[in-house]
Amino acid sequence: MRRVSGWSWIGLLVLVALPGLLPSYWLFLATGMLIASLLTWSLGLLGGLAGLVSLCQLSLAGVGGWVVAYFNANELPVPFVLQVLVGALAALGIGVLIGLPSLRVRGVHLAVVSLGFAAVADLAFTLLNFPGGVIGKPVVRPGLLASDAAYYWFCLGALLVCLGLGLWLSHSRLGSAWRAVKHSERAAAAMGINVSGAKLWAFAVSAGMAGLAGGLLGLLSASNFAPTGSLVLFASAVMVGAHYPAGALLAGGMSWLIPEALSRLGLSQNLGNLFFAFGVLMALKAGGGIFEVAARNRARPAVVRPLATSPSGSARPSQPGPKPVLEVQGLSVRYGTVQALTQVSLTLYEGQVLGLIGPNGAGKSSLVDAVSGFVPYQGQVRLLGRPLEGLASSQRARAGLRRSFQQDRTIPELSARAYLELAAGRTLTPPELAEALAFAGLEDPEAPLYALDVGARRRLEVAGILAARPKAVLLDEPAAGLSAAESHALAERIAQIPALYGAAVLLIEHDMEVVRRACGEVVVLDFGEVLEAGPTAEVLASPKVVAAYLGEEVAA
Amino acid sequence: MSLEVRGLVVARGQAPVVRGVSFSVPPGEVTALLGPNGAGKTTLLEALSGILPAQEGEVWLFGVRVERASRVARARAGLAHVEQGRAVFPSLTVEENLWVGARSGLEEAFGLFPELEKRRRVPAGQLSGGEQQMLVLARALLGRPRVLLLDEMSLGLAPLVVRRLMETVERLAQAGLAVLLVEQFAHLALGIARQALVMSQGRLVYSGPAQALLREPGLLQEAYLGRLEVGA
Amino acid sequence: MLQAALAGLLSGGAYALLAVCLVLLYRMTGTLNFALGATGVFGTFVMFSLHERGGPLGLAVGLGLLASVGIGGLLGWAMARWFAEAPLQVRSSVTIAYLIALLTLGFWIFGTNPKPVPHLVGFGGVELLGLRVPFATLVTLGLAALLALGVALFLQRTRAGVWLRALAERPTAAELLGVPVQALTVGVWAFAGGVSALAVMLIAPNRSPEFGVLSLLVLPAMAGALVGLFRSFPLALVGGLGIGLIEGVASSLPIAPYRQALWFLVMLAALLWSQRKEVWDAAR
C-alpha cells in the first residue's frame with residue numbers, strides 16, 4: 001500500500017470538521033457532494049481500472065434508492081443501515097446481470113447496452129413510481145442520524161469505506177487483473193487470469209457502490225435517475241480520471257458547486273452540464289482525465305540498467321534432455337480461407353531452447369497462438385504428456401505453458417512489482433522479486449511500467465513469465481524493438497533459462513544473431529509448413545533456408 | 001531530387017524504429033531499399049507518406065518540406081505509396097478501385113495490365129494475389145504521381161508475376177518517375193535499381209550503387225542472416 | 001391485432017430512418033453517433049418554435065431541417081478536425097459529449113414548456129385490405145424505403161459514394177490516394193443530421209414532445225441498426241420497422257405500458273448473437 005501524503009490527512013481533517021464550519025444549507029450541499037463523489041468513484045473503478053463502460057450508473061443508484069424507499073414507505077422494521085446495505089446488494093445483483101453481456105460485448109456495444117438499460121430503467125421507475133413517491137413521503141432517518149451533521153458524517157464514513165475498499169482492491173491481485181483486462185484481455189489470459197471473473201467482479205463492486213450511493217440520496221423521484229444524469233456522470237468521471245480518489249472528490253464537488261454557482265448568477269443550473277461535456281472532450285483529446293494526465297506527467301523515467309553480455313564469453317546453448325516437455329502433432333490452423341499452418345509437428349525437450357524461424361507470414365505467430373489456446377486448431381498439443389485440448393488459454397497458462405507477445409502487451413499502469421506478482425500468480429519473496437527485477441534491469445520495484453523504455457518492458461514480460469515457474473515458455477520475438485547490443489544480451493539470458501529456471505523455451509525470432517546465440521536447434525517454417533529442422537548452424541547455412549529468406553535465384 | 005530525407009527518426013508506439021536516416025531518391029530511376037525483417041523499411045515508407053509522424057528530421061518533396069503535411073496533401077503533391085499487403089478495397093470492383101484516386105480515364109491502367117480490364121466488374125477481394133498487386137499499382141499510377149513508394153510487392157506471388165511487376169516498375173522509372181522500392185528478395189530489386197540502400201536496426205548501413213551489392217553478395221547475406229560462421 | 005401492428009409502423013419508419021443514418025455514420029466515418037437523435041430534435045424544436053410564433057409550416061420545417069444539417073455538419077467537422085485518428089470507442093465517447101451538450105442547450109433555449117406539435121402530414125388515410133393506413137404512416141414508410149434505396153444508389157453510382165466506401169474499408173489507403181476525407185465526413189454528418197430531423201418531426205406528434213425523450217429515440221434506432229450489425233442498410237431498415245411492429249403488437253397486449261422498452265430485448269439478442277464468438281477483444 002502506498003503511503004498517504006500529508007495533504008490527504010489535512011483534506012480528511014477538513015472533511016470531518018466541515019459540519020462545525022458550515023451553515024445548514026451548505027452542509028446539505030456538502031452531503032450531496034460526498035454522495036456524488038461515491039457515485040463517480042464507483043464509475044472510476046469500473047472504467048478507469050477495468051476499462052469497462054457503464055452509461056447506466058445512475059440507474060443502479062436508483063435501484064438502491066428504490067429499495068430504501070420501499071422499506072420506508074412500508075414502514076418495515078429494518079434498521080436504516082441495513083436498508084442501505086440491502087439496496088447496495090440489490091444494485092450489485094443487477095450490476096452483475098448488466099455485466100454478463102460484457103463477457104462478449106465490448107467497447108461501444110457495451111455502451112449501447114448500458115445506455116439502453118438506463119432508458120429501460122427510467123421507464124420502469126416512472127411506471128412503477130418510487131414507493132411513497134406520489135404522496136411525497138420522505139425517507140425517515142433513525143434518531144442517531146436525524147441531524148444533518150450526523151448524516152453528513154454517516155455519508156462521509158460510507159465514502160471513506162468505499163474509497164478504502166477501492167484502493168485496497170486496486171492494489172490487490174484483482175485490481176491488477178482489472179488493469180490487465182483493460183489493457184489486453186489476451187495478455188491477461190496469457191498470465192492465467194480468469195478474464196470473465198475479473199469483469200464480473202468489477203461490475204459487482206461498481207454497482208454495489210452505486211446502489212449504496214443511491215440509498216444514501218434519500219430522493220424519491222424517478223427524474224433523479226434519468227439517463228441524462230448517467231451520461232453526465234460518465235462525462236465527469238472520464239474528465240477527472242475518477243479512479244483517483246482526489247478525482248472522484250473533485251468531480252463530486254463540481255457536480256454540486258457548478259450548478260449552485262450558476263443559479264446564483266441567475267442562470268439555469270443545467271448549463272453546468274456543458275462544462276462536463278467540454279471537459280470530457282478535453283480529456284478524450286488528451287488521452288486521459290485530469291488526474292491521469294497529472295500522474296503521467298509526474299512520472300520520471302525509471303532507472304534501467306542495460307543488460308550486459310556475460311563476461312565469460314558467449315554462453316553456449318544448453319543441450320536438450322531426453323524428456324519431451326511440449327509436443328505439437330499435426331497442427332493445422334485456418335483463418336477463413338487462408339491456411340496458416342498445415343500439419344506442423346515439433347517437440348520441445350527438457351532443457352532445450354528451440355528456435356522457430358521463417359520469413360514474414362510463415363505462420364510462426366499462428367503456431368504460438370494455437371498452442372497457447374488463442375485460436376482454434378486441428379491436431380494435438382501435449383504438455384508433459386497431458387493433452388491440452390479443451391483447456392482455455394488461461395488454464396493452459398496455469399498448467400505451466402506461458403507465452404509472450406510480439407507487440408508490447410505489458411500493462412502500463414502497473415508497477416514492476418505488481419506486474420511481476422500478477423504474472424507469477426502469487427506474492428513473490430524478496431529474493432525472487434530481486435531476481436526478476438535484475439533480469440529486467442530494474443532497481444525500483446514500484447516504478448510504473450509506463451515510465452520504462454521498451455527494452456525494459458520486454459525483459460520484464462519475460463521475467464514475469466519466468467517468475468511463474470512454467471514448464472514451457474513460448475517467446476514471440478522478445479528482441480523486437482531492442483538495439484543490437486540489448487538483443488544479444490537478452491539472447492544470452494534466454495540461453496540460460498533452462499538451466500536457471502527449469503523451463504524449456506520455444507523462441508521465435510527474426511534476428512539471426514539472437515537465434516544463433518540462444519538456440520542449439522531451430523525449426524524453419526515457410527508457407528505454414530516445416531521446411532527444415534536441425535542444429536542451428538547447419539540449418540542457417542542450408543540452401544533451402546537461404547532461398548526462403550533471400551529468394552530463389554540467389555541460392556541457385 | 002524528387003524526394004529527399006534528412007535525419008529522419010520514426011517511432012512505432014514508443015520504440016524508435018527508424019533512427020536517423022538520410023538519403024535522396026532521384027527521378028528517372030529505381031532506388032532499392034533492402035534489409036532484413038524488422039529493419040524499419042516499412043516504418044520509413046509510412047513516415048514518408050504520412051501514415052506515421054516523423055519524430056525528427058525533414059522530408060522534402062520537390063523542394064517543399066512535407067513532414068508535417070497531411071497524407072491527402074502529400075498524395076496531391078505527387079507522392080504515391082503502395083502499401084505492403086495489397087491494400088485493395090475488397091468489396092469495391094476493380095473499376096471502382098481504380099476510380100478512387102484516378103485523375104484521368106482508366107484506359108492507361110488497362111493498357112498496363114490488360115487482365116484487369118477483363119475483370120473490371122469483379123470485386124477486388126476476389127482477385128488473385130497477383131491481380132491485386134497489379135490493381136494497387138495501377139490505382140496508384142492513375143493519380144499521376146511523380147514519386148512512387150513500393151512496399152514488398154513480391155510477397156507471396158508467383159515468380160512470373162513478380163517479374164512482370166518488376167519490368168513494369170522499371171519502365172515507369174525510365175519514363176521519369178522516382179521509385180523507392182522496398183523488397184525482401186534482394187536480387188529482384190537490385191536487378192532494376194541504380195542506387196541501393198540497405199537498412200539494419202533502423203539505420204542505413206549501405207548507400208551506393210546497386211551493382212556493387214550484386215557483385216558482393218556477402219554484404220547482403222550479412223545484413224539478412226548475420227555473419228555465417230565458417231565451417232558450420 | 002393487425003391494426004395495432006400497423007399503428008406501430010409509423011414509429012418503425014422513423015426508427016428505420018434513424019437506423020439507416022446510424023449505419024451510414026458507423027460504416028463511413030467510424031463513429032457510433034449517440035447524438036444523432038438529439039441533432040434531429042434540435043431542428044424539430046426550431047420548427048416547433050417558428051410554427052408557434054405563427055410562421056408558415058413549410059418555412060418552419062425547412063429552417064428546422066437546415067438547423068439540423070448545420071449542427072450535424074458542425075459536429076462532423078469538429079470530429080474530423082480533432083478526432084480524425086481516434087479509434088471507434090473514443091469517437092463514440094465524443095458523441096456522448098455532443099449529446100450532453102445538445103440536451104443542455106436544447107433545454108436552455110427551448111425551455112420545458114410543452115409546445116404545440118404540428119402534424120407534417122394530414123390526418124386522412126387510405127383503406128387497404130380492410131385496414132386503415134394513415135397518410136403519416138405511408139409517408140414515413142415511403143421516406144424510409146426511399147432513404148435506404150437512395151443511400152445504396154448513391155454509394156454505388158457516384159464518385160463521392162465510391163470514395164466513401166473506399167474510406168470505410170481502408171481509410172489509410174484512401175487517404176494515400178488523395179480522397180478528401182474531411183469534406184466527406186462533414187457531408188455525411190450534415191446529411192444524417194437532416195434525415196434525423198425529418199424522422200423526429202414525423203414521429204413527434206405520437207410521442208411526448210420533450211427534448212430529452214425524443215433524443216433517446218436514437219436507442220431503438222440503434223437496436224434496429226444492430227439487426228444488421230451496423231453494416232447492412234436493408235437489415236437496418238428491416239430492424240427499425242420490425243421494432244415498430246413489435247411495439248404496435250405489444251400495445252394490444254397486457255405489456256402495453258412497457259412496449260417502448262421492447263427494443264432493448266432486440267438489442268440484447270442481436271448483440272449477444274452477433275458477438276457470441278468474440279472471445280477476445282478485437283485487436284488487443
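The loop between α18 (454–467) and β7 (472–476) of chain A is where A:R469 is found; helices are DSSP runs of H or I with at least four residues, strands are runs of E with at least two, and both are numbered from the N terminus. This is a predicted model, in which local features need pLDDT of at least 70 and side-chain atom pairs count only at pLDDT 80 or more, while totals for chains, interfaces and linings use all residues. Residues are numbered from 1 along each chain as its sequence is written, with chains lettered from A and ligands numbered from 1 in the order in which they are written.

The phi angle of A:R469 is near 50 degrees, a positive value in a residue other than glycine. A:R469 has 15 other C-beta atoms within 10 Å and is therefore partly exposed. On this scale, with C-beta atoms placed from the backbone, a residue is buried if 20 or more other C-beta atoms lie within 10 Å of its own, exposed if 12 or fewer, and partly exposed in between.

Because 13 other C-beta atoms lie within 10 Å, B:R144 is partly exposed.

I turn to a strand of chain B. Five of the six residues of β3(B), residues 29–34, are buried. Which strands does β3(B) pair with? Five bridges join it to β8 (residues 178–182) in parallel, and four join it to β9 (residues 195–200), also in parallel; strands pair if DSSP finds at least two bridges between them. B:E29 stands opposite B:A178 in β8(B), and B:L34 has B:V198 in β9(B) as its bridge partner.

Finally, the interfaces of chain C. In total, 36 residues of chain C are in contact with 38 residues of chain A, contact meaning that C-beta atoms, placed from the backbone, lie within 7 Å. On the side of chain C that touches chain A, α4(C) gives the most, with 15 residues. That side divides into 25 nonpolar, seven polar and four charged residues. Here Ala, Val, Leu, Ile, Met, Phe, Trp, Tyr, Cys and Pro count as nonpolar, Asp, Glu, Lys and Arg as charged, and the others, Gly among them, as polar.

Towards chain B, 17 residues of chain C are in contact with 19 residues of chain B. The largest contribution from chain C comes from α6(C), with six residues.

Terms used: Two residues are in contact if their C-beta atoms, placed from the backbone, lie within 7 Å.
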